Amino acid sequence: MPVVDGLQYGNWSEKIFRQMRAGGIDAVHVTITYHETFRETVLNIEAWNRRFERFPDLIFQGFTAEDITRAKATGRTAIFFGSQNPSCIEDDIGLVEVLHRLGLRFMQLTYNNQSLLATGCYEDDDTGLTRMGTAVVAEMNRVGLVVDMSHSGERSTLEAIEHSTRPIAITHANPHVWHAAPRNKSETVLRALSQTGGMLGFSLYPHHLAHGGACTRAEFCEMVARAAEAYGVASLGIGSDLCQDQPDSIVEWMRTGRWTKTVDYGEGSADAPGFPPMPDWFATNADFPNIAAGLRQIGFSPEEVAALMGGNWARFFEVSFGAETSPLAQVAE
């Protein structure tokens, strides 16, 4: 089965793309936008187009699940676009389809704060999906754009699961019971996610790990094993949240954007405002085989390791990216 990472946001370079190949990664969902407007997001897509032109032997843009198979067959990595905030659609539901046609395949309804669509995990009062949020979820379902609730509050996430006619994703988070970070997810959410065919990508971002960057591979894999016992292997994958080679100025943009004049430290603090140090067993894309080795060591079968390392994501991509077929569309065909 392929190796698929459910979320990364690196300081993209030839070095990183070659490390993806060294790590055997066939597909990656990459963040192309946070607080950017639609036009700014298009500029980011232009930058990715130039990367595809410069490194065609290493990467290409993915649009469908079949591109994962093509990547594996040609020794390259398929890059799938995602947004960690709905700022890219501004206040225009029509931009959902436009961005999907440009290759966007995941969009978070919130990034920590209240948005026009839902409530982020850092707000005191989670009011759930807004009227626009409900409409946008329906439109995302129609065109084949995955609803991602990684940075959303509890009620908003549960309502997204309820209202979505397709399985949703939490692309990068861990169980809250293992590590009580605001971004990690409750047993209630993870149970609802797995029961509806959704996907959880386990995060290796240190703020989401027990003991932070000192988390051992055995501790991480033990957490995966406990989640598999509780929710089943089929709903689980890796969403590393790897921010490789990014300068600390980027984490300030991620947390603060343009919404405040003060510094927001998010999961960090004034004493540690930048990116936290990664675990020594997972520092770059070349380290993906370390995860698979740890999963085997903890007792997962070869088939389960293959599913966790990418098979489950590949199946999820297959059912998620195509447009819904309506009776009217069938008549038109």
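**Strands, rings and cores**

Me: How many bridges join β1 to strand β2, and do they run parallel or antiparallel?
Reply: 3 bridges join β1 to β2 (residues 27–33), and the two strands run parallel. Strands pair if DSSP finds at least two bridges between them. Helices (H or I, at least four residues) and strands (E, at least two) are DSSP runs, numbered from the N terminus.

Me: What am I looking at, by the way?
Reply: It's a predicted model, where local features need pLDDT of at least 70 and side-chain atom pairs count only at pLDDT 80 or more, while totals for chains, interfaces and linings use all residues. Residues are numbered from 1 along each chain as its sequence is written, and side-chain values use heavy atoms, with hydrogens and water left out.

Me: OK, back to the strands. Which residue is the bridge partner of Q8 in β2?
Reply: That's V30.

Me: Why is β1 called largely enclosed?
Reply: 5 of the 5 residues in β1 (residues 4–8) are buried, so the rest of the structure largely encloses the strand. Buried means under 20% relative accessible area, exposed over 50%, partly exposed in between (1.4 Å probe, protein chains only).

Me: New topic: how many aromatic pairs are there?
Reply: The count comes to 21 aromatic pairs. Rings of Phe, Tyr and Trp (its six-membered ring) pair if their centres lie within 6.5 Å; planes under 30 degrees apart are stacked, over 60 edge-to-face, the rest tilted. W12 and F17 are stacked because their ring centres are 6.3 Å apart and their planes are at 10°. Both of those residues are buried.

Me: And what about F202 and F220?
Reply: Their pair is edge-to-face, with 6.4 Å between centres and 80° between planes. F202 sits in strand β8 (residues 199–202) and F220 in helix α8 (residues 217–231), so the pair ties together parts 18 residues apart in sequence.

Me: Are those two buried or exposed?
Reply: F202 counts as buried at 1% relative accessibility, and F220 is buried at 0%.

Me: Which residues touch the most other members of the largest nonpolar core?
Reply: W48, L109, F220 and I291 do, out of 72 residues in that core. A nonpolar core is a set of buried Ala, Val, Leu, Ile, Met, Phe, Trp, Tyr and Cys residues joined through side-chain atoms within 4.5 Å. α8 gives this core its largest share, 8 residues.
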